[in-house]
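Please open the model in a viewer and keep the selection panel at hand.

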Amino acid sequence: MQRQHAPYRADVVGSFLRPDAIKQARVKFASGEIDAQQLRAVEDEAIRHVVEQQCACGLHVVTDGEFRRAWWHFDFFDGLQGVERYESEQGIQFNGVQTKAHGVRVTGKLGFGSHPMLDDFRYLQSVSGNAQPKMTIPSPSVLHFRGGRKVIDATVYPDLDVYFDDLAQTWRDAIHAFYAAGCRNLQLDDTVWAYLCSDDQRRQILERGDDPDQLARTYARVLNKALEGKPDDLTIGLHVCRGNFRSTWISEGGYEPVAEILFGTVNVDAFFLEYDNDRSGDFAPLRFIRPGKQQVVLGLITTKSGELENPEGVKARLEEAAKYVAKDQICLSPQCGFASTEEGNALTEAQQWDKVRLVTQIASEVW
């Protein structure tokens with residue numbers, strides 16, 4: 001039951017706590033003490049080191065820790081054609097804390113173009129050694145959901161159907177561009193599906209004039225169109241996240257409201273699912289995972305605190321999940337990244353690596 005390709009029995013979602021060297025370099029860059037090339041050199045060295053640390057923990061898949069980014073999503077959106085970052089009236093509201101006030105809007109025709117993160121992947125690949133490099137980017141639904149119609153220029157896209165077609169094509173172009181750069185393991189990060197599981201978030205969606213069930217169908221269609229023509233040797237995973245900022249969260253609720261359409265119709269190779277606490281609900285929605293078609297990577301190890309889980313308790317939960325989806329379709333990971341934004345979660349780097357080692361330890365014992 002060992003897996004020789006992605007997703008691996010022991011996997012990771014992507015981001016890691018930013019080391020002090022990067023934090024200090026970013027401050028110096030912002031004040032003009034160093035230039036972009038010097039900042040990149042600091043990032044290069046930190047990424048080389050974080051790859052070594054991942055391998056030392058027993059992982060067969062590595063990421064760059066998202067070390068070149070301040071945000072898991074905005075930095076990618078910045079590189080797209082037709083997208084503009086702006087200072088919003090308020091940040092994104094998490095449970096008891098709010099992010100910096102940033103937003104994105106669509107001001108022109110969407111396109112992938114010559115995206116700077118292609119070079120970010122190429123560097124990761126150059127230092128990944130025998131491990132497989134994984135690139136993480138936001139899912140297309142994230143670009144639409146946060147602002148909806150009001151942040152899409154109506155003179156550019158008077159018809160939202162055309163917008164969604166271009167959105168899908170942009171991500172399809174991204175998938176093929178990363179593949180051409182050598183990527184064989186691509187992860188799409190998506191908070192929207194978790195919002196569609198939340199009673200409170202669904203109420204807010206209705207209040208703004210959208211139908212959450214229709215949005216689910218639209219996002220599934222966009223994803224599947226983006227995945228059309230995907231090379232057979234490229235693994236694409238979809239990570240569903242309930243929010244991750246300084247160890248806080250946004251949404252709660254089990255996957256049942258979206259399970260049939262998400263697991264039953266979206267043609268990704270793997271679903272990375274948060275299952276680290278009661279906010280994620282039970283495993284019953286996993287019955288919609290298609291037999292033999294897809295892997296489900298269970299995020300049973302929390303990244304929101306440094307306290308280590310009981311290995312036997314995690315193993316028991318894996319057995320419980322296996323009542324709904326075949327055990328050979330299950331993998332294990334932390335529930336999210338350790339630093340979806342540069343601020344990071346409330347744990348130490350030592351605790352972070354203890355968590356990763358716990359994942360690889362449990363996976364080696366179970367499979």
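Begin by selecting helix α11, residues 311–321, in this predicted model. Val314, Lys315, Leu318 and Ala321 are its buried residues. They lie on the same side of α11, because the arc they cover around the axis is only 115 degrees. Then move to the start of α11, where a side-chain oxygen of Asn310 comes to within 2.8 Å of the backbone nitrogen of Glu312.

Next, select α12. This helix has 18 residues and reaches 26 Å from its first C-alpha to its last, close to the 26 Å expected at 1.5 Å a residue. Its buried residues include Trp353, Leu358, Ile362 and Val366, and also Gln352, Lys355 and Thr360. The cover over the buried residues of α12 includes α2 (36–56), β9, α11 and β10.

Now turn to strand β8, residues 270–274. Five of its five residues are buried, so the strand is largely enclosed by the rest of the structure.

Finally, display the neighbouring strands in turn. Strand β7 (residues 235–240) pairs with β8 in the parallel sense over four bridges, and Leu238 stands opposite Phe271 in β8. The pairing of β8 with β9 is also parallel, over five bridges; here Leu298 in β9 is the bridge partner of Leu273.

Terms used: Residues are numbered from 1 along each chain as its sequence is written. This is a predicted model: local features need pLDDT of at least 70, side-chain atom pairs count only at pLDDT 80 or more; totals for chains, interfaces and linings use all residues. Side-chain values use heavy atoms; hydrogens and water are left out. Buried means under 20% relative accessible area, exposed over 50%, partly exposed in between (1.4 Å probe, protein chains only). Helices (H or I, at least four residues) and strands (E, at least two) are DSSP runs, numbered from the N terminus. The arc is that of the directions from the helix axis to the C-beta atoms. A polar contact is a pair of N or O atoms within 3.5 Å; within protein, one must be able to donate a hydrogen and the other to accept it, and residues adjacent in sequence count only if both atoms are side-chain atoms. The expected span of a helix is 1.5 Å times one less than its number of residues. Contact means heavy atoms within 4.5 Å. Two strands pair if DSSP finds at least two bridges between them.
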